[in-house]
Amino acid sequence: MGATVGLVVVSHSRALARAAVELAQEMLHGNEIHIAIAAGLDDTRFGTDAAQIVDAITAADHGVGVVVLMDLGSAVLSAELALELLDDGARDRVVLCPAPLVEGLIVAAVAAGGGADLKEVAAEAARALAGKIGQLGPAPTIPGPDGPRDADLTGSFVVINPHGLHARPAARLVQEVRRHDAHAFIRNRSLASRWVDAHSLSGIATLGVRTGDEVEVRVSGSEATETLAGILALAARHFDEPLTGATLAPPEAPSQPIGASLGLGIGPARSARLAPIALQDGPAEDPALEWRRLGNAIAVVRRAISQLRTRTAREVGEAEASIFDAHQLLLDDSALLDDVHARIDDGESAVPAWSAVVRDLAAEFAALPDPYMRARAEDVAAVGDQVLRAMLPGSASAETGTGVLIAADLTPAQAAELDPARVAAVLLSFGSPHAHSVILLRAKGIPVIVGAGSAVLSIPDGTTVAVDATHGEFVVDPPDEVEQDFRARIATLAQRRHMAHARAAEPAVTRDGVTVPVGANIGSADDARSAAACGADFAGLVRTEFLFLGRREAPDADEQMAVYSRIAETLEGQRITVRTLDAGGDKPLEFLPTTAEANPFLGVRGIRLSLAHPDLLAEQLMAVARLAHETPVSVMFPMISTLDELFAARRLLDDAIGRTGRPRPRGLHVGMMVEVPAAALKAAAFARHVDFFSIGTNDLTQYALAADRTNDSVAAIGDPFDPALLHLVRAICRGAAGHASVSVCGEFAGDERAAGLLIGLGVDALSVTPPAIPATKQAVRAVDSREAVTLADEMLSADSAAAVRERLHE
Ligand code: PEP
Ligand code: MG
């Protein structure tokens, strides 16, 4: 290939960039040119990164220059940053071209392929819209943030997420908007707020949208229709957030010490010594240099956050890791960067400019009325500080030692780094139970007290501190007898945990010799590893939704088969129970827009949704039918209420088996979840048509007691210890007798107090979250199955859940 002008495609989406390049290459008719892509944070996540753009420019530059084409918003800002990061010589050969991405790329590719020089290629690309304009007329004017224009499309939605449009739903909204070529502005109509750019996370978050607020949207541009439809669909799906946010965050901010992550811990006080950031900085240099300095720091922090996100997803969980997505978006926030840019252009140096803009933004959050939103000020400040520390050498955070960690507050990044083996507890003088750092610590099982008061900051390092986070209490330098009592309680807990872990891989056998298999509930491929490490005897529930949620298209049979067989392999060939897609209700699917329902939990959910889309279920059953030839598999259908539903699902399974062209796999067991009281009471009729029942106590409880499982206000009513639920379990076991086995896979199975009760009622197996397996097995080992029958009989005539608990406590 001779030296031709190189092209770089900068896009939020890697898939989009690749497709655009393929399209352009179609036009080249064999002429080869250098095209490099800098798009997406990875294959699936949207975003742009200046460092990636620098690499792409370097790859595309063969001495005669590079034309860079960008999609929109932060792609342009990142490209500008990248330009600043290049050496002077290389920078002079680069043109950032304002042409629209697809049209510009095609025209530029043809010009470059024909041997045009840098200027010609850039000029050709810049004229790329001429043909379309000739045909369709000029584009409508672009609206500013002052108010809707006639050409705008408008819409509105009411936010019902428990914490309003907080960081995670707002991040989903920004991601949705950034996927399209459109200008989108939103405002909080309930507060008659100003309009803000919907590409900007910080802008959206400062609208203070709380649950119940109405949000107005207006959109213009070539993909206005798709953008508006996408936003409204996302809003209808509650921004892909389960409406149980309250479980991640307790309801009120602390006015006194409160236990924000339960447990006990004792050890020497260790202050988290974070050197305060000294903002003194030399005089401002040339704005281009200052901008480059900031760009470098942002690139460093972006990489650090990305690594931390990966680690957190692996070690803690995907939901907790997603906290860092909002941090990444802040680094990419056009409104924030525009403000900093303006200050730098006015002669300020990067450090004070960044610091001032971040401080203002944090102050806006801190002034919001909702405590959960207010806690987001900490996230803004944390990311801001990370960038400042990256610009100011020598101000990096200090290592913390073993013991009780004491700090004013922690950033999510610091919390993610803490090792539960070294940190006995965390005492925060301020802090909020809603803070992302605290959410992370809860997930790691580290006891935390927030709002402990500023006096704790003067506890000298090394002083013994005993923390009872369960009761929101701590004792500094406890008297001997208190310390001994604390240590004894912690030792007993640790010993029980240790013993349970040591025996985790052994089967769980009751005192009188009945083996009760204890399986794992798996909600991601990572969970399978954790299940294996925790001694799972089988996978009693593979919640396959994780493969379907948040996707634009359903996974096909091949993809599903690959994931299920990886789970089975991780569990070394133990039986896995694949539950067919259980969507609808609180788990909407992006690719299956459903009509709004007044009572989604009583609507088209579970098997009802699958039978309404038989192709979807057929594809999943195909994966199961093929997998069952390789490894022991059980398949079960969720939320069955009638025999007709079970028959219809079984017919689709038989069809799938027929389509494999192979005989029925011998190891394939077929079952159903019992989650609807009607199914429990008809258990005998169902039992003749299944190999097993799996009782979903989470749903069975909510339906039996008419207590929405996502509504904290009725949580006390939806109590699985209620004798009514015990009667239903007994009915299921009686109906199953002689035909089908019975396991329990709802959360009740993981409550150590429930093991004897369930065994006594006739349950054969239990399936629980992986970390609960060792303790559940220990609970089984303490049971005598004959005594358990007597106990269960007694409990069936109890008056209330409280009476059942009390009796079990005895
Ligand atoms: C249940 O309802 O108990 C159950 C295990 O299913 P899910 O929690 O996934 O609805
Ligand atoms: Mg359920």
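With which residue does Arg179 form a salt bridge, and how far apart are the closest N and O atoms? The partner is Glu176, and the closest N and O atoms lie 3.2 Å apart, a salt bridge being a side-chain nitrogen of Lys or Arg within 4 Å of a carboxyl oxygen of Asp or Glu. Glu176 counts as buried, at 2% relative accessibility, where buried means under 20% relative accessible area, exposed over 50%, and partly exposed in between, with a 1.4 Å probe and protein chains only.

This is a predicted model, in which local features need pLDDT of at least 70 and side-chain atom pairs count only at pLDDT 80 or more, while totals for chains, interfaces and linings use all residues. Residues are numbered from 1 along each chain as its sequence is written, and side-chain values use heavy atoms, with hydrogens and water left out.

The structure holds 33 salt bridges, among them the following pairs.

| Salt bridge | N to O distance |
|---|---|
| Arg179 and Glu176 | 3.2 Å |
| Arg503 and Glu506 | 3.1 Å |
| Arg579 and Asp582 | 3.4 Å |

In the pair formed by Arg579 and Asp582, Arg579 is buried at 3% relative accessibility, and Asp582 is likewise buried, at 2%. For the salt bridge in which the side chains of Arg503 and Glu506 meet, Arg503 counts as partly exposed at 31% relative accessibility, and Glu506 is also partly exposed, with a relative accessible area of 34%.

Salt bridges also join residues into a network, which links Arg187, Arg189, Glu214 and Glu216.

Conventions: Chains lettered and ligands numbered in written order.
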